[in-house]
Amino acid sequence: MPRENQDVQDNIPNTPAAPAPTATTATKKPLLVAKGPDGQSVLKRLQSELMALMMCGDPGISAFPEGDNIFCWKGTITGSKDTVFEGMVYKLSLSFPTDYPFKPPKVKFENVCFHPNVDLNGAICLDILQDKWSSAYDVRTILLSIQSLLGEPNNDSPLNTQAAALWVNQEEFRKMVQKTYKPA
Amino acid sequence: MDEDYEDGHRFHIDDQKNKRNLEIGEMDVDGSNRETIFLKNNYLVKNIGAVVRDLRSLGFTSMTEDAYASAIFSLLKAKVHNLAGDDYRALVLGSIKDWIQAVPLQFLHALLAYLGDSFDCDSMSSGLKSPLASRPSCYPGIDFPSEGLVRWQLRLEYFAYETLQDLRIGKLFEIIVDYPDSYPAIQDLKQCLEYTGQHSKLVDSFISSLRYRLLTAGASTYDILHQYVSTIKALRIIDPTGVFLEAVGEPIRDYLRGRKDTIKCIVTMLTDGPGGNPSGLGNAGDSLLEELNRDSENQESTDYDDDINSDDKQAWINAERWEPDPVEADPSKGSRNRRKIDVLGMMVNIIGSKDQLVNEYRVMLAEKLLNKFDYDIDSEIRTLELLKIHLGESSIQKCEIMLNDLIDSKRTNANIKASLPQPSLSGSKLGGTDVSLDILDATIISSNFWPTIQAESLNIPASVDQLLCDYAKRFHEIKTPRKLLWKKNLGTVKLELQFEDRNMQFTVTPVHAAIIMQFQEQTSWTSKNLAAATGIPVDTLNRRINFWISKGILAGSAGSDSDDHVFTIVDDMNTNGLIHESSEGLLAADEEGERSVASVEEQLRKEMTVYEKFIIGMLTNFGSMALDRIHNTLKMFCVAEPSYDKSLQQLQSFLTGLITEEKLEMRDGLYFLKK
């Protein structure tokens, strides 16, 4: 049953290149199926992940359910020290499918992030959010991965070629990051 | 001529003052004696009468009146002060009234009679309301009291009431400290206030003396609570409606809320009685709860439980009951006739909620039960039954389960022991003695209903451990599928230390026992090795081992390492005494910090840390939030243990606390993270 649900509402391919408008609708859809048959265990899992995330207190990462829907979270990542993103605060949106954690959540940047693996609409190219996803990951590991992706981009499969090309020149890159940055 | 008379008048006043003492002595004189005084004074009265008449004919009516009135009042005032004084154990109002009859009224009667009763009294008494509805029936030695004389009597009595009231109000703090010995003084004050209606004077004066004398940093919380209870009881007599009590109690309650140990003291007072009170105030024996219970039982039959009540006093009280609420009463609080002032309710009022009281009691009860040697919980059951009457059954359900655990434990314990073949199973040797299950009594608790129990790592001696295993196995056999999980750091151990020249017996915690057991095989340990052997963290070990050092069993000395100590067993008796005395204080300080159950404050702090993290988490992601949004979000997502159950007000004060800690800030009703 969850399988079918997934097919219906999750027909957007899980690629980082997904066009922005579709991505937006996708984030809304889990709202409708939040009360699905498997909703209870997903709910429990997300609640305990929230609890764990709140209690662990990792610096620079945070996320919290938005409004009254535990399937839609807002995330916050602060660029790590000694990277070009140091001190920059990025907002993310995370939306969890009803068969989470068997499927990864959709994660995108809410404000512009000048980064080789983030496109202009905020979509992220990160393997653990796609084919390398495992149910052992959780919100905390996702946020930590994205935080480390900022400092260590994968320039082999860039979404933003301009950023990938500029990466070699860290000073210029830092200027570009600051120029394009818009607080969410 | 005028001057002469004036002098004569003055002389009279002085004369009266000089005779004051004499008259006090003759206060209770019988009729015939009164007659002689009357005759003796007759000459004076005639003199004064002549003066008054002459002055009046000269047009100095009011001046002469003022003169003798003020003389009489100053005399009366001195009389009241003399009779009432600082003794609160006797009723004085009656004697004062008798005296008014016996002395000033006789004089006035004679004077008015001499003046031919043409006395114009409207001017002086029109402003006075008449507190006595009917004319007093008896004037000794006066057959037909004139209108003027009655007015004089009312005026004098009112003045006496007011004087006595002022006197008592000024000393109300002491009177309440002495309560219930000072009951008569309270009764007098109550009557005075009924005539004068100056209750607000009482409230103002009492509050200021409370602030000055009680609500200071130097007063112990127990003392404040005792005074609060006495105040409740005393003011309940003066004013059964509780209106003024409400006003007086408020500053005490406010102050007590600011003290951290208030809840603990209240619970101790309620359940342990004055035994738990270090300053030794209050009467020995019963707990406050027992007393309250007695009161409520008594109140059902008589409404007042003081044995001073004579029949007419009771009748008086009964007659009083129908009176309407005082004008100051808050109409929203219902009629006084049905409202009983509940001391416990007022205590709970300080704490804020019954739940907090019950919670604190639960922690104290757990502590008590866990440290019990036998399964004797009769007094606890009694206390709980009393609490049940006052707080309702549902709120103390968990406490009941705790007591039931003890009762069950007793049975199970007996069962397990009976079903085990006696010596063989655990024939292990411990210090040359057989260890059998006989020496083990277990308290089996349903941990879900008990307060959080502090876990502490501890390796207990193998033989005892084996014993516990056997016991647990047996338990599992009897109570399948339930299993016994030992909390090895809880409970008490009775042990005897045998030295060459002496035996010593101790009752200690398992931690202490485990420590000293290690010295059986090896007489000297470094703290690090000992910590490893007993499984206790080094700092805890260093703290706990002070117990044995203070008892003179062990001696500590600095080791090779700066933070490593060497502990050696002391075999020589002579050095003991010295060490013993010097370390006594250290022990007391140590024991203070040792508790097996997490206190209410600790639990609350733990909860609050979780909420704080959630609040910081949501503010990190949403930037700013209003109070009710934070409240709703916590309600929705903070659902795991401990789930969010605070009120909006509690959250607000918590957030205010975070602002003072500079973690948050607030602008336009929105909360932000402090950057």
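Predicted model: local features only at pLDDT ≥ 70, side-chain atom pairs only at ≥ 80, totals over all residues.
**Figure 1. Interface of chain A and chain B, viewed for charged pairing and polar contacts.** Five residue pairs, both members at pLDDT 80 or more, are in polar contact between chain A and chain B. The side of chain A that touches chain B draws at least two residues from each of α4 (39–56), β1 (61–66) and β2 (69–78) of chain A. Classified by type, this side of chain A comprises eight nonpolar, six polar and four charged residues.

**Figure 2. Extent of the contact between chain A and chain B.** Chain A contributes 18 residues to the contact, and chain B contributes 14 residues. About 1,400 Å² is buried between the two chains, with 72% of that area given by carbon and sulfur atoms.

**Figure 3. The largest nonpolar core.** This core holds 70 residues, of which L202(B), L225(B), I266(B), M347(B), L357(B) and L369(B) touch the most other members. Helix α11 (residues 221–238) of chain B supplies the largest share of the core, namely ten residues.

**Figure 4. Surroundings of I266(B).** With residues up to four places away in sequence left out, I266(B) touches L225(B), M347(B), I350(B), I351(B) and L357(B). Among these neighbours, L225(B), M347(B) and L357(B) are listed with I266(B) as residues of the largest nonpolar core that touch the most other members.

Note on methods
Residues numbered from 1 in each chain as written. Chains lettered and ligands numbered in written order. Heavy atoms only, no water. Contact = heavy atoms within 4.5 Å. Buried area = accessible area lost by both parts, 1.4 Å probe. Polar contact = N/O pair within 3.5 Å; in protein donor to acceptor, adjacent residues only side chain to side chain. Helix = DSSP H or I, 4+ residues; strand = E, 2+ residues; numbered from the N terminus. Nonpolar A, V, L, I, M, F, W, Y, C, P; charged D, E, K, R; others polar. Core = buried A, V, L, I, M, F, W, Y, C linked by side-chain atoms within 4.5 Å. Buried < 20%, exposed > 50% of the residue type's maximum accessible area, 1.4 Å probe, protein only.
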